[in-house]
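Work through the exercises below with the structure open beside you. Try each task before reading its solution.

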Amino acid sequence: MSTSVTAAIKSQEPLTKSMKCLVKEDLDKDGLSLRTDIAQPEPKYDEVKIKVLATSVCGTDKSIFNSGSSEGIRKEMKRYVGPEGYKPIVVGHEFCGVIEETGQGVKRDNWKDVPDHLVLEKGDYVTAEMHLSCGHCMLCKTGNEHICMNVKVKGVHLDGCFAHSVVVPYKNVILLGKNGDQSLLPPRLGAMLDAFGNAVHTVQEADVRGKSVAILGAGPLGLMATFLCRDFGASRIYLTEAADIDRRFKLGQEFGASECFDISKGSDVLYRSVEKHEISSNGVDVVIEMSGSPSAYTDAFRIVRNGGIVLLLGITRKPLSEFDIANAVIWKGVTVKGIFGRKMFDTWETMLRLLRSDRFDLKNRLSQIIGSRDYTLNEYQEAFAHLSKGTEMKLVFEPQKGV
Ligand SMILES: [Zn+2]
Ligand SMILES: [Zn+2]
């Protein structure tokens with residue numbers, strides 16, 4: 001009998017504890033289910049179990065919530081489903097927490113020669129990359145794990161983190177503070193690092209120093225990209241948005257946008273401003289698309305200069321029905337690049353450096369993007385209603401709170 005089982009019997013605790021979590025039960029129906037009867041996950045040999053202190057909600061979670069009306073996400077969530085059909089999973093993939101338990105292969109004794117401050121142990125404050133790469137394919141073997149052909153995303157294909165606890169392979173865990181030290185950043189911001197990583201990865205894919213940049217979409221990622229572009233030395237930043245513009249443009253201007261454009265009634269003002277300011281070429285050097293809105297693709301290729309770069313992170317709900325590739329890309333000599341997730345683990349290392357530096361005011365900026373209050377898992381209906389109405393841009397659940 002294992003010692004943990006003996007200990008559990010002695011303390012009369014149930015052998016497998018259950019937990020509260022948000023589950024996607026039926027892909028054909030909108031909504032999530034709050035469950036309290038799901039067994040807490042047990043770490044396998046190379047995994048750690050993390051108690052989730054804070055977990056944030058993003059556009060992907062919104063699509064999963066509304067999966068009844070989104071064929072794209074239904075298809076994605078069934079990507080690895082066998083003949084037995086879809087099995088409900090715990091949703092959520094952006095989080096931070098404290099290591100509760102380590103698998104046998106993650107014990108301190110296995111790495112006697114590694115310095116203490118680099119080794120994961122029970123009680124450490126951590127976050128994690130939730131894209132699990134296969135380690136076998138050509139992309140994994142050539143430093144491109146972020147586009148592994150067999151990637152599985154926790155919270156999309158496997159159980160995620162809208163839950164009391166989650167298990168993650170130790171290789172995917174990012175140490176934020178030893179022994180629960182939260183001085184680097186508080187949990188409600190630690191939960192946003194997955195999203196922040198998308199923005200860091202995107203901006204790093206173009207050298208923006210001295211360049212003009214247009215950021216399409218002033219949601220959380222567009223706003224993060226705005227301050228990153230300014231910090232990384234962009235000469236001029238155009239920012240567009242079609243909804244909730246007062247709040248978003250106020251932040252955008254504070255974060256470094258040179259000009260903000262309400263494109264809800266069309267993009268002519270944006271086009272005219274680009275013509276006026278980009279006098280030595282026929283457009284902006286770098287376009288960063290973060291909205292996924294069909295009209296943004298027209299804007300992106302209309303305003304990019306010949307020989308410019310278009311970085312695509314936003315995800316369209318439906319395939320684009322028409323795209324004039326000859327005029328948009330070929331004859332303009334444009335470089336187009338899709339951005340998925342975060343580079344493993346270059347992006348995370350960059351984020352940690354930015355966070356440790358006091359030059360970027362990151363904690364203050366990130367906390368302005370997040371909602372004014374955090375939610376318990378019990379309040380998930382209210383939280384998702386705020387996100388779909390647009391009354392909040394980014395929200396955090398605290399799974400350890402609430403009855
Ligand atoms: Zn996300
Ligand atoms: Zn792979």
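The model is a predicted one, in which local features need pLDDT of at least 70 and side-chain atom pairs count only at pLDDT 80 or more, while totals for chains, interfaces and linings use all residues. Residues are numbered from 1 along each chain as its sequence is written, chains are lettered from A and ligands numbered from 1 in the order in which they are written, and side-chain values use heavy atoms, with hydrogens and water left out.

**Exercise 1. The zinc site**

Task: find the protein donors of the zinc ion (ligand 1) and describe their spacing along the chain.

Solution. Step 1: apply the cut-off, by which donors are N, O and S atoms within 2.8 Å of the metal (3.2 Å for Na, K and Ca); water is not among the atoms, so sites may look incomplete. Step 2: list the protein donors, which are Cys58 through SG, His93 through NE2 and Glu94 through OE, at 2.1 to 2.3 Å from the zinc ion. Step 3: read the spacing, which is C-x34-H-E. Helices (H or I, at least four residues) and strands (E, at least two) are DSSP runs, numbered from the N terminus. Cys58 is in the loop between β3 (47–57) and α2 (59–65), and Glu94 is in strand β5 (residues 94–102), so this pair, 36 residues apart, links distant parts of the chain.

Step 1: classify these two by accessibility. Buried means under 20% relative accessible area, exposed over 50%, and partly exposed in between (1.4 Å probe, protein chains only). Cys58 is buried because its relative accessibility is 15%, and Glu94 is buried at 1%.

**Exercise 2. Two helices against α13**

Task: describe how α8 and α7 each pack on α13.

Solution. Axes are lines fitted to C-alpha atoms, for helices over the stretch in contact, and angles run from 0 to 180 degrees between N-to-C directions. Angles under 35 degrees count as roughly parallel, over 145 as roughly antiparallel, 65 to 115 as roughly perpendicular and the rest as oblique.

Step 1: take helix α8 (residues 245–255) with helix α13 (residues 362–369); the angle is about 165 degrees and the axes are 11 Å apart. The angle therefore makes α8 roughly antiparallel to α13. Contact means heavy atoms within 4.5 Å. On the α8 side the residues are Leu251, Glu254 and Phe255, and they meet Arg365, Gln368 and Ile369 of α13. By class, three of the residues in this contact of α8 with α13 are nonpolar, one is polar and two are charged. Here Ala, Val, Leu, Ile, Met, Phe, Trp, Tyr, Cys and Pro count as nonpolar, Asp, Glu, Lys and Arg as charged, and the others, Gly among them, as polar.

Step 2: take helix α7 (residues 220–231), whose axis crosses that of α13 at roughly 155 degrees and comes within 10 Å of it. α7 is therefore roughly antiparallel to α13. Pro220, Leu223, Met224, Phe227, Arg230 and Asp231 of α7 make the contact with Leu362, Arg365, Leu366 and Ile369 of α13. This contact of α7 with α13 holds seven nonpolar, no polar and three charged residues.

**Exercise 3. Backbone exceptions**

Task: examine the peptide bond from Met344 to Phe345 and the phi angle of Asn179 and of Asp361.

Solution. Step 1: recall that most residues other than glycine have a negative phi, and most peptide bonds are trans. Step 2: the bond from Met344 to Phe345 is cis, with omega near 5 degrees; Phe345 is in the loop between β16 (335–338) and α12. Step 3: Asn179 has a positive phi of about 50 degrees and is exposed at 66% relative accessibility. Step 4: Asp361, with phi near 50 degrees, lies in the loop between α12 and α13 and is partly exposed at 44%.
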